Amino acid sequence: MTWDADVCVVGAGPAGLAAAVHAAEGGASVTLLDSGAALGGQYWRHPVSADGALDRDLHHDVEVFAGLSRRAAALTDRGSLTYLPGQHVWTLSAGQDGCLIRALVPGPPAAETVVKARLTILATGAMDRPLPFPGWDLPGVMTVGGLQSLLKGHGVLAGQRVLLAGTGPLLLSAAAGVVARGGTVTGVLESARQRAWARHLPALARVPEKLAEGARYAAVLARRGVTVRSGVMVTAAHGQDRVRSVSTARISRDGHAEPGRERLYEADVLAVGWGFIPRLELHTAVGCELSADAHGDVAVTVDDDQFTSNPVVLAAGEPTGIGGASLAVTEGQIAGIAAAHRLGHGAGPPAGLKDRRARLRAFAAALASVYTDPGGWGERLTDDTIICRCEEVSYAEVRQALELGAGDVRTVKLLSRAGMGWCQGRICGYAVACLAGGRAADPAAALRMPLAAPLPLGLLANADLNAGTGPGDGS
Amino acid sequence: MPTFSFDGAPVPFTGGQSVGAALIAAGVTSVRRTRRQGRPRGLFCGIGVCFDCLLRIDGAPNQRACLVAAGPGLVVQTQDGTGQDDLGR
């Protein structure tokens, strides 16, 4: 089916929902595409069958979501917002006069949605950054986001004895969720060392509400006897048909395991995540300029009004730099208002919103430098550790490719098939890029892929791809 | 409670649950065997990105358990390898 809109928003999480609401309230006609079944994205994920209210023991900023949902419903009734769930956007093209967005609606039978819009706001979110370790392919090892999605979206506790490992505040909120629903958390292992925070106190002081949030989680966990250990890293997961136990070690500042500081945990679920990787497939498809931060983490570059280097494409939320839901909502508001303004509706984004964005970005930058890849994981890989889960490429095979001279993620892929499977390197791309050592030269190499979602060949064969330069060209 | 079948056994689910979530609630952690090493795999990312939870639903292979909504009477099976061995026969 084909839709025409002033603004197409891709993603209905905190950033996309805020962007869609503000663009539509500003006077633009908006089409909102999302792959999920309900508004809210991964952050405010909730069961489809519920009345749309979020469980207060699993979610925060519940009022923000409720408010945006109410406004979205009113805009839908008024005919200025069209919300289409279940849409897997697989490509975007952008020309002088506008954008063409194509989404797959999985079948059977599969169908396609085409949106012609004057401006597109990409709010595609992020995914957990996993790191490989021996046994990480065992059932029961999952991402923290996966654990959260089962709990928030489906009311399912992934296991009875849950160990969480990785880095960042999400570990604490996920652990609190498990405890709230009657599960046992056998440990929370934060790879960052506690002292890492010391030099970021000024940025912290500007967002007191975030400090209070962290303290609340810590108190909930402490009451339930859950210990949070800092400077600790998973070294291996053990089990035959599923994970049964997990080895950990205390790590030095550059990630090396300290001898004599190992420990074994029992767990039937190990949830892992070392920060986030922004979903930039669509941004790269239309050539938006990207940049890397001090850690080599890539984000799409945006101007003061959230416009990317492509004049008809805006971006908001995690793809502009990992920063959490509050920043995503703020960027979404700015993008929505700016998009409507560009199309002749209303004034531009107010200075107050931009001040708030600056405050939250400073906080996000502090978070990013503390909760980062701890390093050192490469030296704990064994020959038979799976690196590419899809193609079952072992560390020995990746190393062989490196010894043959591969110096970047693409050459490793050609020589070893790592990253050539179903997920197109979304899961292993970061690790392979680190192992290949080419990240500094081309940090975005692992992110480039021709299609943003797998689709049936028949649909590709029928798609009139030349019709992609803009609305009104009769596709 | 409505059910679907997994390798012949009934699996209950509630409205809005995915096939993968209902399987985990029923204690099933492995949904496929890999094609090279025959290793068990289950849900990993839980949000449709990793393609580790591929299984066979009503005969169609390579369906993501974490995305497909559970429905009454669905016939769900463990996927062996590519799930398309029949193409080679």
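These legends walk through several close-up views of a predicted model.

Residues are numbered from 1 along each chain as its sequence is written, while chains are lettered from A and ligands numbered from 1 in the order in which they are written. Because the model is predicted, local features need pLDDT of at least 70 and side-chain atom pairs count only at pLDDT 80 or more, whereas totals for chains, interfaces and linings use all residues.

**View 1. Chain A as a whole.** Helices (H or I, at least four residues) and strands (E, at least two) are DSSP runs, numbered from the N terminus. The radius of gyration of chain A is 22 Å, close to the 23 Å that the globule rule gives for 475 residues, so chain A is as compact as a globular protein of that length. That radius is taken over C-alpha atoms, and the globule rule is 2.2 Å times the number of residues to the power 0.38. Along the principal axes, the C-alpha atoms of chain A fill a box of roughly 65 × 50 × 45 Å. Of the 475 residues in chain A, 55% are buried. A residue is buried if 20 or more other C-beta atoms lie within 10 Å of its own, exposed if 12 or fewer, and partly exposed in between, with C-beta atoms placed from the backbone. Among contacts in chain A with a separation of 6 or more, 67% join residues 24 or more positions apart. Two residues are in contact if their C-beta atoms, placed from the backbone, lie within 7 Å.

**View 2. Helices α1 and α2 of chain A.** Here helix α1(A) (residues 14-25) packs on helix α2(A) (residues 62-78) at an angle of about 45 degrees, with the axes 10 Å apart. Axes are lines fitted to C-alpha atoms, for helices over the stretch in contact, and angles run from 0 to 180 degrees between N-to-C directions. The two helices are therefore oblique to each other; angles under 35 degrees count as roughly parallel, over 145 as roughly antiparallel, 65 to 115 as roughly perpendicular and the rest as oblique. The crossing of α1(A) past α2(A) is left-handed, which is the term used if the near helix is turned anticlockwise from the far one by less than a right angle, with right-handed used if clockwise. On the α1(A) side look for L17(A), A18(A), A20(A), V21(A), A24(A) and E25(A), which meet L68(A), R71(A), A72(A) and L75(A) in α2(A). These contact residues comprise eight nonpolar, no polar and two charged. Ala, Val, Leu, Ile, Met, Phe, Trp, Tyr, Cys and Pro count as nonpolar, Asp, Glu, Lys and Arg as charged, and the others, Gly among them, as polar.

**View 3. Where chain A touches chain B.** This contact takes 29 residues from chain A and 28 residues from chain B. On the chain A side, β8 (141-143) and α3 (144-154) each supply at least two residues. The largest share of that side, five residues, comes from α3(A). Sorted by class, the chain A side has 13 nonpolar, ten polar and six charged residues.

**View 4. Helix α3 of chain A and its surroundings.** Eleven of the eleven residues of α3(A) are buried, so this helix is largely enclosed by the rest of the structure. Its buried residues pack against β7 (126-128), β8, β9 (161-167), α4 (170-180) and β15 (269-274) of chain A, together with α1 (19-25) of chain B. With α4(A), helix α3(A) packs at an angle of about 35 degrees, the axes being 10 Å apart, and passes in a left-handed crossing. V144(A), L147(A), Q148(A) and L151(A) of α3(A) meet L170(A), L171(A), A174(A) and G177(A) of α4(A). After α3(A) comes G155(A), whose phi is positive, near 65 degrees.

**View 5. Helices α10 and α11 of chain A.** The axes of α10(A) (residues 395-403) and α11(A) (residues 409-416) come within 9 Å and cross at roughly 115 degrees. This time the crossing of α10(A) past α11(A) is right-handed. E397(A), V398(A), Q400(A), A401(A) and L402(A) of α10(A) make the contact with V412(A), L415(A) and S416(A) of α11(A).

**View 6. Two exposed residues, G260 and A205 of chain A.** G260(A) is found in strand β14(A) (residues 257-266) and is exposed, with 7 other C-beta atoms within 10 Å. A205(A) lies in helix α5(A) (residues 201-205) and counts as exposed, with 10 C-beta neighbours inside 10 Å. The C-alpha atoms of A205(A) and F363(A) are separated by 8.9 Å, although these residues are 158 residues apart along the chain.
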